[in-house]
Amino acid sequence: MTTSTTPPTTPFIRLHPADDVLIARAQLVGGTQVENITVRGLIPAGHKIATRALAAGEPVRRYNQIIGFASKAIAPGEHVHTHNLDMGPDKGDFARDYAFGADVKPAPAKREATFMGIKRPDGRVATRNYIGILSSVNCSATAARAISDHFSRQNNPSALKDFPNVDGVVALTHGTGCGMDSEGLGLQILQRTLTGYATHPNFAGVLVVGLGCESNQINAWLAHGSLREGETLRVFSIQDTGGTAKTVAKGIAMIKEMLPEANKVKREPCSAAHITIGLQCGGSDGYSGISANPALGAAVDLLVAHGGTAILSETPEIYGAEHLLTRRAVRPDIAEKLISRIKWWEHYTEINEGEMNNNPSPGNKAGGLTTILEKSLGAVAKGGTSNLEAVYEYAEPVGAHGFVYMDTPGYDPVSATGQVAGGANIICFTTGRGSAYGCAPSPSLKLATNSALWQRQEEDMDINCGEIIDGGVSVQEMGQRIFEMVLATASGEPSKSEKHGYGQNEFVPWQVGAVM
């Protein structure tokens, strides 16, 4: 895929010479001339304009890639959207050239950069310093929240006043943990997710609160995760403690014991190689694949050159663009694993009487995205151009450095939860329609795709990639800005979502399988 070179003075954007559509830079009215074509009717900002006559059934290209098929004849200058473009009679099942490894390139020249990180005794490096409270099951969520509420800087500022180096005490609760197969995939995923959080370097200490009789037995979880209770990992249950009030009091006492040690940390220069970014996009629009996503991709390439790691995810939202990733896989088995996850999703949606094109969302479509193919082609741009080093299942620990993939749902809280469990210590989240999101214990940066969104929702946005659409900044320049913001955030600069207190409610482990 290529980035637009269309001059900023034009009312449209051409992404590739072979494209069948242009993208409206601003709302266009009928009679406007674009590339010697007369616009027919109103074209909303971010939406597509046909550049030539397209017969019914003919493939339609954007980024020089197929984004769908004309569902009826389309005239030059006509608005191209859901009324005349769909996935075709085979619902997007057309031949793709996976070309395993064809685009693998030499490793980039090694670069050095530092941020002010927190070094843990075992050598891991943190970007934040929280104490976490996890619930083994939904039944213990209320008690876990009550414990964290005691340490709220908003409601009880005196509780942490003597511990300025502790970023907070957060309860990460969920809606499952019981009524599930004790040997099934759903419980395996939940336990893997909880293990990832319990061992995350951004937690100085973790308290796990259970009920006592749940499917997700704490002792079994500890064994499966190769975890041991100790000074920084404490576990207990409501039933053993004797009730809710006693549980809350016990939890508060345990946190108080952890705080002095947690407060001893100091920030010091650390290599950017210790940064792992989880890449997310939500509330996408027609500009996402032109501005914020490729700019984030440019930042990813910079991070990889500095030895860091970036995790691309959201498998239902790379559907139809997976061939752009298999071409970058450094080994055939990596590409094959990615394709196997795509096949799993096709089966999974089918048995649940759905289909992979149950996406884009209504908001995505209002922003100009028509099919999942179009959305996916823009979404993979977040991954830059670096080689694909590994593919992981949901919440698996990410051990490779460089650009990697993790299989997750497209729903942002679920996807980011898996990435953080895998080790992401920062989330970068692009959005065109607007998003309000945070992800404790890892800070989340939100990247606006257009200036109208930035002006409307600046209190939630960290950077305006709409300057690319406006014509004042290149993708590479914006990528450098994002990379520098990542370093500053990793060093302790609060993100907008952190200032608003986001992060506790966005812990959403992927729930797979029957609820019994």
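Predicted model: local features only at pLDDT ≥ 70, side-chain atom pairs only at ≥ 80, totals over all residues.
Colleague: Where do I start? How many helices and strands are in the protein chain?

Modeller: Start with the inventory. The protein chain has 15 helices and 23 strands. Its radius of gyration is 24 Å, close to the 24 Å that the globule rule gives for 516 residues, so the chain is as compact as a globular protein of that length.

Colleague: What does the C-alpha trace span along its principal axes?

Modeller: About 75 × 45 × 45 Å.

Colleague: Now the sheets. How do I read one?

Modeller: Strands of a sheet pair through backbone hydrogen bonds, either parallel or antiparallel. Take an open sheet of four strands here: the order is E1-E2-E5-E8, and the pairing is antiparallel.

Colleague: Which strands stand at the edges of that sheet?

Modeller: Strand E1 (12-13) and strand E8 (79-80). Each has a single partner strand, so one side of each lacks a neighbour in the sheet.

Colleague: How many bridges join E5 and E8?

Modeller: Two. Strand E5 covers residues 48-50, and its pairing with E8 is antiparallel.

Colleague: What is the strand order in the open sheet of three strands?

Modeller: E6-E7-E9, with antiparallel pairing. Strand E6 (59-62) and strand E9 (85-86) are the edge strands, and each pairs on one side only. E6 and strand E7 (residues 65-70) are joined antiparallel by four bridges. Within that pair, Arg61 faces Ile66 in E7.

Colleague: Which helix packs on this sheet?

Modeller: Helix H10, residues 372-379. H10 touches E6 and E7, and its direction makes about 165 degrees with that of E7.

Colleague: And two helices against each other?

Modeller: Two packed helices are described by the angle between their axes and the distance between the axes.

Colleague: Is the crossing of H1 and H5 left-handed or right-handed?

Modeller: Right-handed. From H1, the contact uses Ala143, Ala146, Ile147 and His150. From H5, the contact uses Thr247, Val248, Gly251, Ile252, Ile255 and Lys256.

Colleague: How many residues of each class are in the contact of H1 with H5?

Modeller: Six are nonpolar, three polar and one charged.

Terms used:
Residues numbered from 1 in each chain as written. Heavy atoms only, no water. Left-handed = near helix turned anticlockwise from the far one by under 90°. Helix = DSSP H or I, 4+ residues; strand = E, 2+ residues; numbered from the N terminus. Contact = heavy atoms within 4.5 Å. Nonpolar A, V, L, I, M, F, W, Y, C, P; charged D, E, K, R; others polar. Pairing = 2+ DSSP bridges. Rg over C-alpha atoms; globule rule 2.2 N^0.38 Å. Axes fitted to C-alpha atoms, helices over the stretch in contact; angles between N-to-C directions.
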